[in-house]
Amino acid sequence: MPKNLVIVESPAKAKTIEKFLGKDYTVKSSIGHIRDMPKKNMGVDIENNFAPNYEITTDKKKVVAELRKALKTCDKIYLATDEDREGEAIAWHLSQALNLPKNTPRIVFHEITKSAINKAIASPRTLDYRLVDAQQARRVIDRLVGFEISPVLWRKISGARSAGRVQSPVVRLVVEREREIAQHIAKISFKVKAELVDKNGALLEVKLNKDFADKEAVTDFAKALLDSELRVSTVENKPSKRAPKAPFITSTLQQEASHKLGFSVKQTMTLAQNLYREGAITYMRTDSFTLSETAIEACAKVIKKKYGSQYHQLRRYKTKDSSAQEAHEAIRPTDLDKAQIFGIDAQAAKLYTLIYKRTIASQMCDARLQKTQIKVDISNRDEVFIANGEVLVFPGFLSVYDYLSADDKLLSDLHKNDRLTLVNFVAKEHFSHAKPRYTEASLVKKVEEIGIGRPSTFATMVSTVQDRNYVVKETREGFERDYQLIEIKDGQIINSQSKENTGAEKNKLFPTNVAYLLNDFLMKYFSNIVDYEFTAKLESDFDTIATKNTPWQGVVRDFYQPFHAQIEAAADISREETHGVRELGIDPKTQKPVSTRFGRYGAFVQIGDRDDEDKPIFASLRNGQNIETITLDQALELFNMPCIVGEDKEFGVIKANYGRFGPYLQYGKKYVALKEDTPEEVSLEKALTLIAAKEKFDSERIIKTFKNSKIQVLNGRFGPYIWNGKKKGKGQKNITIKKVFGDKSPADLSLEECKKAIAAKPKLKTKTKTKTKTKTKKKP
């Protein structure tokens with residue numbers, strides 16, 4: 001019988017560690033958190049110094065029972081949950097749920113290797129209550145925010161689900177960036193490129209050292225260039241270096257995996273967690289660039305053996321962030337002799353290779369380059385042509401981890417006063433760009449820069465705002481734009497116009513329409529919740545609790561008192577104040593105002609007012625359309641639906657339209673979803689194919705219908721049933737035939753039998769919504 005019990009978080013980790021420890025140890029898993037505040041109520045006693053009320057979650061009662069049983073047969077227990085604050089909190093919850101003594105050994109390790117596990121067992125510590133308190137403060141504040149602000153949002157903003165303390169500033173970032181893009185006015189300039197040749201015919205690609213503001217200025221320059229003499233004024237050669245980047249921390253791994261492998265933030269962390277549990281890499285939630293001395297020595301050995309000692313350079317990295325947890329290591333392979341690992345998921349293998357290369361490169365010497373710049377004077381102008389070249393002299397770390405964007409660019413062997421001849425000249429109209437939309441990776445980088453998250457929360461923050469439908473990740477097509485070209489060909493200045501595609505986006509983050517309402521509401525009435533500095537300060541307060549033993553209740557109180565006052569003030573806010581109307585203009589047909597609004601089922605356009613004699617008409621916005629940027633013309637197009645696709649002898653007139661759930665076809669009283677085509681583009685041939693498929697499906701589904709009755713006998717997932725012909729929420733009844741009629745054939749049922757079965761089934765009681773006033777809590 002094993003004498004020692006070790007409790008970890010994940011079953012996969014438990015299996016790996018049990019192999020290392022041998023027969024005297026049994027390793028069990030808590031499968032994450034075992035206790036939390038109850039779902040039905042806040043679970044925080046505000047008047048009792050914010051004391052949280054924890055309970056064992058329903059899905060973990062069996063796990064806790066098994067752990068208690070295992071305790072009875074063991075002499076000693078080790079708490080071996082993850083080494084971050086959340087892991088420390090899980091260890092504390094385990095000690096509370098299992099009634100463990102305060103001196104229960106707590107072990108931590110940065111990697112799941114035999115040596116690391118044995119070292120941890122040999123030098124245990126006790127629970128660090130500072131880390132537990134820091135996590136508890138975070139959890140209590142997040143609970144207070146969620147439970148108090150969510151009911152306000154449900155009443156005031158259609159479509160808003162909740163507003164998290166950390167997620168709200170993330171929504172603000174995405175909304176503000178989108179508004180910056182919408183407000184950006186492109187500035188036009190002309191950028192000049194040219195090709196010159198020397199007396200030997202060697203080509204030199206150059207750019208002009210300034211841009212021109214308009215076409216006239218470019219034309220004047222081109223005219224002068226035709227009569228000018230071009231001579232080399234300077235040739236400058238200078239050495240350059242490129243240093244390797246530090247080994248990965250959580251945020252840089254997420255960013256680089258996105259850039260190089262195309263992984264989402266969530267995917268990266270899932271793969272990294274699996275690699276950690278398999279013992280392949282060190283702990284993946286860290287903000288420390290530190291490498292252990294053992295790892296540094298292992299890197300040196302690999303580099304010297306494979307590349308030679310001239311490629312090695314000892315480096316010790318330190319983070320600039322004062323809140324970083326230096327006790328952790330950077331993310332690195334546990335065995336640096338393994339450049340690749342096999343027998344695992346292909347995506348995980350790619351991520352491992354990326355981590356391996358970055359770690360090895362971090363201990364290699366700089367890459368050495370030779371940079372060359374040639375300047376060419378224009379005899380009758382002040383502008384200068386410039387050519388830049390770069391040659392890799394010694395690869396250094398680039399032998400392993402290459403993130404140079406271009407290959408070597410060799411320039412012609414030229415000298416001062418060498419004469420050059422113009423062979424090609426192009427001035428292209430250029431439009432300035434707004435700041436780019438965020439990707440998941442760049443959003444993580446921004447969040448880290450302004451200090452509103454920690455390694456354990458980055459992935460959750462980015463995924464939560466998408467799960468709550470405040471932010472969507474989409475790929476959108478661009479649009480064609482005209483641009484002007486001015487060229488010199490055969491001694492003549494030629495003006496032309498061409499087209500380019502612009503505005504295309506791939507896997508970028510866009511705010512949904514409800515995100516604008518939510519952000520503006522919070523900015524107006526709960527400004528501290530979305531304030532970057534306030535959120536960063538609170539994160540810093542959590543760090544202080546974790547490092548300086550500051551009482552956590554004080555931090556919670558300082559936050560809650562002004563926050564609760566805002567909650568009470570928000571009770572008097574009218575719904576009209578939160579659902580702003582944007583006037584777009586006048587409909588030329590009806591001479592009525594056109595506006596965009598947000599309602600129960602999302603964003604829509606309205607023609608007319610409620611006070612008009614004729615009722616206003618409405619149209620929902622389509623996917624990708626925005627209440628803040630939609631134009632009058634785009635809004636009026638929405639009312640051109642439905643469009644007629646064509647007519648068929650069997651199915652009659654076929655129409656296409658947009659609905660709440662996307663585009664669809666309508667024929668008679670039947671509907672078919674359009675998944676690949678838009679209503680404007682779908683052909684009659686494609687429409688008939690979709691309709692034929694639906695008719696086939698319906699014919700196989702329908703067993704029997706009755707003349708002059710909506711009642712039908714249908715095939716369903718769980719067998720044949722009777723449907724009373726009414727929709728869900730409007731008296732729908734479904735009767736399973738086997739339960740009522742036994743083995744009788746569904747096709748043999750009469751209308752009377754069906755009616756009796758329907759009448760015999762009691763009506764489902766519908767839940768009625770009751771308005772409840774939120775109780776005003778006394779301020780502590």
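Before I look at helix pairs, I note that axes are lines fitted to C-alpha atoms, for helices over the stretch in contact, and angles run from 0 to 180 degrees between N-to-C directions. Helices (H or I, at least four residues) and strands (E, at least two) are DSSP runs, numbered from the N terminus.

**Ground rules**

I am reading a predicted model, in which local features need pLDDT of at least 70, side-chain atom pairs count only at pLDDT 80 or more, and totals for chains, interfaces and linings use all residues. Residues are numbered from 1 along each chain as its sequence is written, and side-chain values use heavy atoms, with hydrogens and water left out.

**Entry 1: the whole chain**

I began with the overall picture. The chain has 22 helices and 29 strands. Along the principal axes, its C-alpha atoms fill a box of roughly 105 × 85 × 60 Å. I then looked up burial, where buried means under 20% relative accessible area, exposed over 50%, and partly exposed in between (1.4 Å probe, protein chains only). Of the 780 residues, 47% count as buried. For contacts (heavy atoms within 4.5 Å), I took pairs at least 6 apart in sequence, and 67% of these join residues at least 24 apart.

**Entry 2: H12 and H13**

At what angle do H12 and H13 pack? I found about 120° between helix H12 (residues 440-450) and helix H13 (residues 458-467), with the axes 10 Å apart. That makes H12 oblique to H13. The scale I used is this: angles under 35 degrees count as roughly parallel, over 145 as roughly antiparallel, 65 to 115 as roughly perpendicular and the rest as oblique. The crossing of H12 past H13 is right-handed. A crossing is left-handed if the near helix is turned anticlockwise from the far one by less than a right angle, and right-handed if clockwise.

From H12, the contact uses Glu 440, Leu 443, Val 444, Val 447 and Glu 448, and from H13 it uses Phe 458, Met 461, Val 462 and Gln 466. I sorted these residues into six nonpolar, one polar and two charged. For that sorting, Ala, Val, Leu, Ile, Met, Phe, Trp, Tyr, Cys and Pro count as nonpolar, Asp, Glu, Lys and Arg as charged, and the others, Gly among them, as polar.

**Entry 3: H16 and H17**

Next I turned to helix H16 (residues 532-548), which packs with H17 at an angle of about 165°, their axes 10 Å apart. That makes H16 roughly antiparallel to H17. Their crossing is right-handed. Phe 534, Leu 538, Asp 541, Phe 542 and Ile 545 of H16 meet Trp 552, Val 555 and Phe 559 of H17. This contact divides into seven nonpolar residues, no polar and one charged.

I stayed in H17 (residues 552-570) to look up Gln 566, which is placed there. Gln 566 counts as buried, at 19% relative accessibility. Leaving aside neighbours within four places in sequence, Gln 566 is in contact with Tyr 525, Phe 526, Ser 527 and Asn 528.

**Entry 4: salt bridges**

Side chains of opposite charge can pair when their charged atoms come close. I counted a salt bridge wherever a side-chain nitrogen of Lys or Arg is within 4 Å of a carboxyl oxygen of Asp or Glu. By this rule I get 40 salt bridges.

One of them joins Glu 628 and Arg 179, at 2.4 Å from N to O. Glu 628 lies in the loop between strand S21 (617-620) and helix H19 (632-637) and Arg 179 in helix H6 (residues 167-183), so the pair ties together parts 449 residues apart in sequence. Glu 628 is partly exposed at 29%, while Arg 179 is buried at 19%.

I also noted Asp 698 with Lys 694, whose closest N and O atoms are 3.4 Å apart. These two are four residues apart in helix H20 (residues 684-701), so about one helical turn separates them. Asp 698 is buried at 10%, and Lys 694 is partly exposed at 22%.

Which residues are linked in a network of salt bridges? I wrote down Arg 138, Asp 142, Arg 165 and Glu 539.

**Entry 5: Leu 665**

Is Leu 665 buried or exposed? At 0% relative accessibility, Leu 665 counts as buried. Leu 665 sits in strand S24 (residues 662-667). Leaving aside neighbours within four places in sequence, its contacts include Val 645, Ile 654, Tyr 671, Val 682 and Leu 690. Leu 665 and Val 682 are 17 residues apart in sequence and 9.4 Å apart in space, C-alpha to C-alpha.
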